[in-house]
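Hello,

Here is the structure I said I would pass on. Please open it alongside this email; my notes follow below it.

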Amino acid sequence: MLAAAGSHVSIIEMLPRPMMAFSEKHVQNTVDDMRERGISFYFDQGVEKITKLSNDYEILTSDGNVIKSDYVVDASGRIANVDELHLENTDIKLSQRHSIIVDDHLETTAKGVYAAGDVIDKKEPALVPTAHFEAMYLADQIMNKKHNPIHYPIIGSSAFTFPQIAQVGINIDEARKDSQYHVVDMDQLYSSDMEYAGKNDKSAKLSLVFDTNNQLVGAAESSQNAIDDINGYIPLIGLHVTRKQLNDNYQLIFPAVNFKTEMSI
């Protein structure tokens with residue numbers, strides 16, 4: 001947004017690439033597009049020092065690069081906000097990531113005390129839909145006196161960059177290394193899909209993961225419309241819908257955002 005408004009933006013990233021949770025191919029696609037928009041990246045280096053000058057700031061990176069800027073944003077992440085709870089006075093234990101440890105019923109190490117949302121230690125993405133699902137699960141278990149372990153649904157994730165990047169299901173990079181999956185890369189979306197062509201989205205890239213039964217189990221995309229596109233794949237993966245079922249039982253309205261979702265599988 002700042003770059004589009006005319007500012008020169010520099011991003012310093014201590015890792016070899018940003019957004020490590022996403023497919024390398026699609027992250028690189030987004031980074032390349034951002035570079036073309038004038039955004040500078042400094043990968044594999046951290047921030048050693050920030051000095052306030054009279055009218056701006058001077059940032060020194062671990063590689064010795066010096067960057068001057070009118071404004072500095074620290075986007076290095078977050079930890080669970082539990083300090084004011086004084087959990088050290090309870091039986092509730094924290095993980096090394098400063099998150100509350102829970103079991104598969106979302107019960108903490110203190111019997112009868114439960115936790116949900118970004119505050120808990122989990123492998124699922126820390127997103128609003130995840131927290132909502134956990135809250136609804138706990139409400140149902142407690143109010144209806146159930147004792148079922150939590151089973152997470154298919155949860156999509158995204159980064160609101162431009163181009164957007166989004167994914168769901170089996171990770172693309174992991175699937176490429178696993179013989180039980182095969183990945184179909186669709187890198188010519190601009191020339192093969194009229195919606196991308198209509199938006200002049202020349203860099204759009206989509207990858208789909210199929211298992212040995214040719215069932216769609218994962219998807220990742222980098223494009224101007226990636227989030228809406230991946231949202232179209234989420235119910236197909238979660239409900240195990242096949243291409244034959246799609247073709248035999250309904251046809252989507254054409255033209256529309258998710259029409260290509262049906263066509264691509």
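G64 takes a positive phi near 90°, and this residue lies in the hairpin of β4 and β5. That hairpin has 4 residues between its strands. Please keep in mind that the model is predicted.

Next, the surface. Which residues form a nonpolar patch there? They are M14, L15 and M20, and together they have about 310 Å² of accessible area. M20 sits in the loop between β1 (10-12) and α1 (24-36). Is M20 buried, partly exposed or exposed? With a relative accessible area of 45%, M20 counts as partly exposed, because that class runs between the 20% limit for buried and the 50% limit for exposed.

Finally, the chain as a whole. The protein chain contains 8 helices and 10 strands. It has 265 residues, and 36% of them count as buried. Its C-alpha atoms fill a box of roughly 70 × 55 × 35 Å along the principal axes. The accessible surface of the chain comes to about 16400 Å², and carbon and sulfur atoms account for 53% of that. As for contacts between residues at least 6 apart in sequence, 49% join residues at least 24 apart.

Regards

Definitions and conventions. Residues numbered from 1 in each chain as written. Predicted model: local features only at pLDDT ≥ 70, side-chain atom pairs only at ≥ 80, totals over all residues. Heavy atoms only, no water. Patch = residues over 30% accessible without salt bridge, like charges linked within 9 Å, V, L, I, M, F, W, Y side chains within 5 Å. Areas by Shrake-Rupley, 256 points an atom, 1.4 Å probe, with all protein chains shown as cover. Salt bridge = Lys/Arg side-chain N within 4 Å of Asp/Glu carboxyl O. Helix = DSSP H or I, 4+ residues; strand = E, 2+ residues; numbered from the N terminus. Buried < 20%, exposed > 50% of the residue type's maximum accessible area, 1.4 Å probe, protein only. Pairing = 2+ DSSP bridges. Contact = heavy atoms within 4.5 Å.
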